[in-house]
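Please have a look at the sequence and the structure, then read on.

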Amino acid sequence: TMSERIEEKWINIDEAANYLSVKPATVRDWIRKGKNIPAHKIGKQWKFKYSELDAWVNSGKSAME
């Protein structure tokens, strides 16, 4: 059930970049280029979740063309 799910906090672009071992500019580039990175616009900020980033990497969509 949904209530059992631990609420995962949103992380910012710097934290996401750090997690993926890339520069924040690279993450912004992926968003711009439609790399399907799971970025969510909240207000003026891009936000991410670790679990979604993991799933994205595991899906192979993060691989460089």
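A search of the whole structure turns up three salt bridges; a salt bridge here is a side-chain nitrogen of Lys or Arg within 4 Å of a carboxyl oxygen of Asp or Glu. You are looking at a predicted model, in which local features need pLDDT of at least 70 and side-chain atom pairs count only at pLDDT 80 or more, while totals for chains, interfaces and linings use all residues. Residues are numbered from 1 along each chain as its sequence is written, and side-chain values use heavy atoms, with hydrogens and water left out.

**The chain as a whole**

- The chain has three helices and two strands, where helices (H or I, at least four residues) and strands (E, at least two) are DSSP runs numbered from the N terminus.
- Along the sequence, these elements follow the pattern α-α-β-β-α.
- Of the 65 residues in the chain, 26% are buried; buried means under 20% relative accessible area, exposed means over 50%, and partly exposed lies in between (1.4 Å probe, protein chains only).
- The chain exposes about 4,800 Å², and carbon and sulfur atoms supply 52% of this area, which comes from the Shrake-Rupley method with a 1.4 Å probe.
- Take the contacts (heavy atoms within 4.5 Å) between residues at least 6 apart in sequence: 51% of them join residues at least 24 apart.

**The salt bridges**

- Lys9 and Glu15 meet through their side chains in a salt bridge, at 3.6 Å from N to O.
- Of this pair, Lys9 counts as exposed at 53% relative accessibility, whereas Glu15 is partly exposed with a relative accessible area of 30%.
- Asp29 forms a salt bridge with Arg32, and their closest N and O atoms are 2.4 Å apart.
- Asp29 and Arg32 are separated by about one helical turn, because they are three residues apart in helix 2.
- Asp29 is partly exposed, with a relative accessible area of 22%, while Arg32 is exposed, with 63%.
- Asp29 also forms a salt bridge with Lys33, the closest N and O atoms being 2.9 Å apart.
- Lys33 counts as exposed, at 59% relative accessibility.
- Through salt bridges that share partners, Asp29, Arg32 and Lys33 are joined into one network.

- Which residues of helix 2 are buried? In this helix (residues 24-32), they are Val27, Trp30 and Ile31.
- On the face turned away from the buried side, helix 2 carries the exposed residues Ala25 and Arg32.
- The buried residues of helix 2 pack against helix 1 (13-19), strand 2 (45-47) and helix 3 (50-58).
- After helix 2 comes Gly34, which has a positive phi near 65°.

**The nonpolar core**

- A nonpolar core is a set of buried Ala, Val, Leu, Ile, Met, Phe, Trp, Tyr and Cys residues joined through side-chain atoms within 4.5 Å.
- The largest one has 13 residues, of which Leu20, Val27, Trp30, Ile31, Ile37, Phe48 and Leu53 touch the most other members.
- Helix 1, helix 2 and helix 3 each supply at least two residues of this core.
- Leaving aside residues up to four places away in sequence, Val27 touches Ile13, Ala17, Val22, Ile37 and Phe48.
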